[in-house]
Amino acid sequence: MSELKELETRRDNIQAELNEIREQSASGVDRILEAIKAQRWYFFKDNKYIIMDKDTGLLWANLDYFNYKSGAIGTFDSVSEIAGWVIPTYGEMRKLVASEKFPFCTGSYYKIKDNSVYQWRISSGDRLRTSGYIDLDNLNSYSDPTGWLIPCNLSLVAGTTYEQDVSYYSRVYSERERLNLTLNLFVNNHLWPIFNDDEITELYRKIYIDFPKRKPELETLLEEITEQIKALSAVRVLSSEFDYTSLLSKYDISAISSSVIKYFQALQNWTDELMSMLEVYEREKEDTISSFNAITLQLSKKYNDSPDLDNDENNFLRERNEFFRRKLSLEMNTAKSKILAVKRQADEIEYRIDNTDSITELSAIAREDRAEFPLIAENTARIIRNALLKIEFFEAHRDFVVNAVKILAEWTENYRIFKTSYRAEIENMCKDDGIDAEIWEKWYSDWRSLRFEIERKLQPILERGLKGDIAVSEQTEKLIPEQIIAVLGEYKRSVDKFFLEERKGIYQKFAFVPGGNLQDKFEAESMLYKCASKFQSDLQLIIFNCTSPADRIFIFNWADNLLDIQIDNILTFIADKELDKISGEILEDFAKLKQKNYDLYLNDAKAYSDELANREKQYNSLMFKMRSDLAKGEAQ
């Protein structure tokens, strides 16, 4: 993993942890408040010597650790590290035992700790007294100041109205506010209360003990990593938007122009800096480059001529494969080689200067024609920019590039199938019905001409897709080039279907009719024209989803000759056969069909659709007239 990606991963993980802290803190508070609502007495994970009464905020000695039988309050003082321990008053003692929920109350007479406890010390004014039996009725009878001791501590709530504020009868605070007062008492005094539910105890630890420690650490670390990412990202100006002038500003152009030594030194520094930036960039893009190279690997294979294809077809497929190989090659090594070539020439100048003692030769070196340093800087930046454009395009259009390579392979293979399997299929089919080879080979020749023209249409669309996005009015699952290729593929399949399933039937329909060869040709061309019209109709939705007139015109022009093939075939056929049976007026009207006015309807989908329908209607009408003229001529 590259350094930048590693930092970005760490940043994302830290951010995720901070988000989790925020989310748990937000959702966990309600659960903790509910737990506080249901519980009065609290032991503490971080101080085992104390226990707290939620209702009063008083701390009491944990009698499991305090030597209450000795009555030595000083002993507790030393282990608790909390100052301010006192003997409880009568009122405080009464509240302590008023509820059997006090953890150390036992028996039915509110005895503390166990049944054997009879006397507990309380304070009254300046005197210490004992309470006899600790029950509510007998608490007012005092004897001598001896007995057992449970001290209390007011330090958490001293000088406050906490007890009144959290009271159920408070008219000032809502229930949630009262619960929050207790929660704040824990948090502000850095206490870790033990709840009846262990899960709530752990949740409290996370939110109020761990998170407050962890969050500042994470925020500091996040800030540091963000700064590191910014520093490394500065290298990423080496991109399609690389502003080489920011680097160039560090160089004294005037001094470089007047000194051949400063010139070669500047070139050495410049190329070293670019190569260093390229190395960092390549490390950062290592996964992308590897992925891209793996996808385009099949394009790097040498094209081998197929014996089943003629020279034109082999040359076309070879050139198409080579075009996309170059187009999709990242060429990082090429870019680096060109930059290193500049460095090598600068080194050669240095070597020549270092190895001459001749003033004359130095003068000659100085007078040699060389490209100016700013021009070399601009050109090397352009070389890098062109190479990185491909990486950035692949990152933004990975699915399209993958699909383009797949489509190229599929179309190439399909054309080979057309030249082998499909040819054998039509041959066998015609042989079975006794149709002469001269006839079916002419069909296949027509089929091949149309198929080859369709095949030529693939590259321009893929090439347009590799130049960048085509803006659309309504977003679709597939990109515009992919949609066009799908429509073109459907047109190709309809042509294949016609020759494999329908062409023979048309021939057999007119085989024994006077002038049948002409009617056969015209009907076949009419059927193929329907395929072309369907293709153009399917294009319509794609064309008018493009927002740019330039893109619409591009698609119009791209499809133009496919729409004229059947018209051209008819006109050529008539000229070759010298068919004077067809009137010149009809031929003139037929030729006019090639004069399209689609550009008039660039912004009007309905008008465009109407024009398509009208053109098809005119074609069918003229074909009917021509065939009528032929029939009349044969009848005469």
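Reader: Where do tyrosine 415 and phenylalanine 418 lie, and how many residues apart are they?
Author: Both lie in helix H15, three residues apart, about one turn of the helix. Helices (H or I, at least four residues) and strands (E, at least two) are DSSP runs, numbered from the N terminus. This is a predicted model, in which local features need pLDDT of at least 70, side-chain atom pairs count only at pLDDT 80 or more, and totals for chains, interfaces and linings use all residues. Residues are numbered from 1 along each chain as its sequence is written, and side-chain values use heavy atoms, with hydrogens and water left out.

Reader: New topic: which residues touch the most other members of the largest nonpolar core?
Author: They are Trp447, Tyr491, Phe535, Leu539 and Trp558, in a core of 68 residues. Helix H15 (residues 398-432) is the main contributor, giving 13 residues. A nonpolar core is a set of buried Ala, Val, Leu, Ile, Met, Phe, Trp, Tyr and Cys residues joined through side-chain atoms within 4.5 Å.

Reader: And what does tryptophan 558 touch?
Author: Leaving aside residues up to four places away in sequence, tryptophan 558 touches Lys457, Pro460, Ile461, Ile484, Leu488, Phe535 and Leu539. A separate second core has 36 residues, including Leu7, Tyr162, Leu185 and Ile200.

Reader: How many aromatic pairs are there in the whole structure?
Author: The search finds 27. In one of them, the ring centres of phenylalanine 43 and phenylalanine 104 are 6.1 Å apart with planes at 80°, so this pair is edge-to-face. Rings of Phe, Tyr and Trp (its six-membered ring) pair if their centres lie within 6.5 Å; planes under 30 degrees apart count as stacked, over 60 as edge-to-face and the rest as tilted.

Reader: Why does phenylalanine 104 count as buried?
Author: Its relative accessibility is 6%, so phenylalanine 104 counts as buried. Phenylalanine 43, at 25%, therefore counts as partly exposed.

Reader: Last topic: why is helix H17 largely enclosed by the rest of the structure?
Author: Helix H17 (residues 458-467) is largely enclosed because seven of its 10 residues are buried. These are Leu458, Gln459, Ile461, Leu462, Arg464, Gly465 and Leu466.

Reader: What follows H17?
Author: Glycine 468 follows H17, and this glycine has a positive phi, near 145°.

Conventions. Buried < 20%, exposed > 50% of the residue type's maximum accessible area, 1.4 Å probe, protein only. Contact = heavy atoms within 4.5 Å.
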